[in-house]
Amino acid sequence: MSKLGKFFKGGGSSKSRAAPSPQEALARLRETEEMLGKKQEYLENRIQRELTLAKKHGTQNKRAALQALKRKKRFEKQLTQIDGTLSTIEFQREALENSHTNTEVLKNMGFAAKAMKSVHDNMDLNKIDDLMQEITEQQDVAQEISEAFSQRVGFGDDFDEDELMAELEELEQEELNKKMTSIRLPNVPSSSLPAQPDRTPGRTQGLSSTVQRSRAASSRRAEEEDDDITHLAAWAT
């Protein structure tokens, strides 16, 4: 057994100690990553410093240059180890985060399943079928009631339509006869109409002479207008 194994086993209290929660483990891993990141930055600076020192001594002080290169190699080895450790811790952290997420999802799904089971325990399929059947029956009853209310109600409507129409026509004829008897015609005048005045020949001759004078005046105006148009056309040419 290696010394490292003896060291972890020698604690003796790992069995009695409670396992850390995923949140605590993730916090520890992040702290470790941060610490190793600072160590990595420190080693990179030391490597750059030793390289500068080796170049500075060069051939003037070979011993100091060799010592600087040796320290550079050690720092590079430590840096490589830290890179590997960071990769392992990062992988472990991601796996723990996924496990914690899966655990929370499984827990919530378990809660939901229990709640659903509790709800279904209070349900009986036979009762549900009976309830749905009762609802359907009540809907049918309501539909029948609505149809009954919407139907036309006739109390004592067993009459002959032809007899009713004949009676209505008789009433209309009686009303028309009453109106006709109440109308009074105007009285015919007993005196004779006035005689139409006679048309004398002298008046007829006066009217004909007036018409002739009007026609002569119209012809004279037409001739004057023609003369004016003729003069205007000649002036324009």
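The discussion below goes from the overall fold to single residues.

Tutor: The model is predicted: local features need pLDDT of at least 70, side-chain atom pairs count only at pLDDT 80 or more, and totals for chains, interfaces and linings use all residues. Residues are numbered from 1 along each chain as its sequence is written, and side-chain values use heavy atoms, with hydrogens and water left out.

Student: How many helices and strands are in the chain?

Tutor: Helices (H or I, at least four residues) and strands (E, at least two) are DSSP runs, numbered from the N terminus. Read from the N terminus, the order of elements is α-α-α-α-α-α. The count is 6 helices and 0 strands.

Student: What share of the 237 residues is buried?

Tutor: Buried means under 20% relative accessible area, exposed over 50%, and partly exposed in between, with a 1.4 Å probe and protein chains only. By that criterion, the buried share of the 237 residues is 8%.

Student: Is Glu50 buried or exposed?

Tutor: Glu50 belongs to helix H2 (residues 22–57). Contact means heavy atoms within 4.5 Å; beyond its neighbours within four places in sequence, Glu50 is in contact with Ala68, Arg71, Lys72 and Phe75. Because its relative accessibility is 4%, Glu50 is classed as buried.

Student: Which residues does Lys72 touch, if those up to four places away in sequence are not counted?

Tutor: Lys72 is part of helix H3 (residues 62–121). Its relative accessible area is 13%, so Lys72 is buried. The residues touched by Lys72 are Ile47, Glu50 and Leu51.

Student: How far apart are the closest N and O atoms in the salt bridge of Glu97 with Arg93?

Tutor: A salt bridge is a side-chain nitrogen of Lys or Arg within 4 Å of a carboxyl oxygen of Asp or Glu. Glu97 and Arg93 are both in helix H3, 4 residues apart, about one turn of the helix. Arg93 is buried because its relative accessible area is 15%, whereas Glu97, at 24%, counts as partly exposed. Their closest N and O atoms are separated by 3.3 Å.

Student: Which residue forms a salt bridge with Lys117?

Tutor: Lys117 is exposed because its relative accessibility is 54%. With the closest N and O atoms 3.5 Å apart, Lys117 is bridged to Asp121.

Student: Which helix gives the most to the nonpolar patch?

Tutor: Patches are made of residues with over 30% relative accessible area and no salt bridge: like charges are joined within 9 Å, nonpolar side chains (Val, Leu, Ile, Met, Phe, Trp, Tyr) within 5 Å. Val119, Met123, Leu125, Ile128, Leu131, Met132 and Ile135 make up the nonpolar surface patch, with about 660 Å² of accessible area together, from the Shrake-Rupley method with a 1.4 Å probe. Leu131 counts as partly exposed because its relative accessibility is 47%. With 5 residues, the main contributor is helix H4 (residues 125–150).

Student: Is Glu172, in the patch of negative charge, buried or exposed?

Tutor: The patch of negative charge lies on the surface and includes Asp160, Glu161, Glu172 and Glu175; Asp and Glu count as negative, Lys and Arg as positive, while His and the chain ends are not counted. Glu172 itself is located in helix H5 (residues 161–182). Because its relative accessibility is 51%, Glu172 is exposed.

Terms used:
Charge placed at Lys NZ, Arg CZ, Asp CG, Glu CD.
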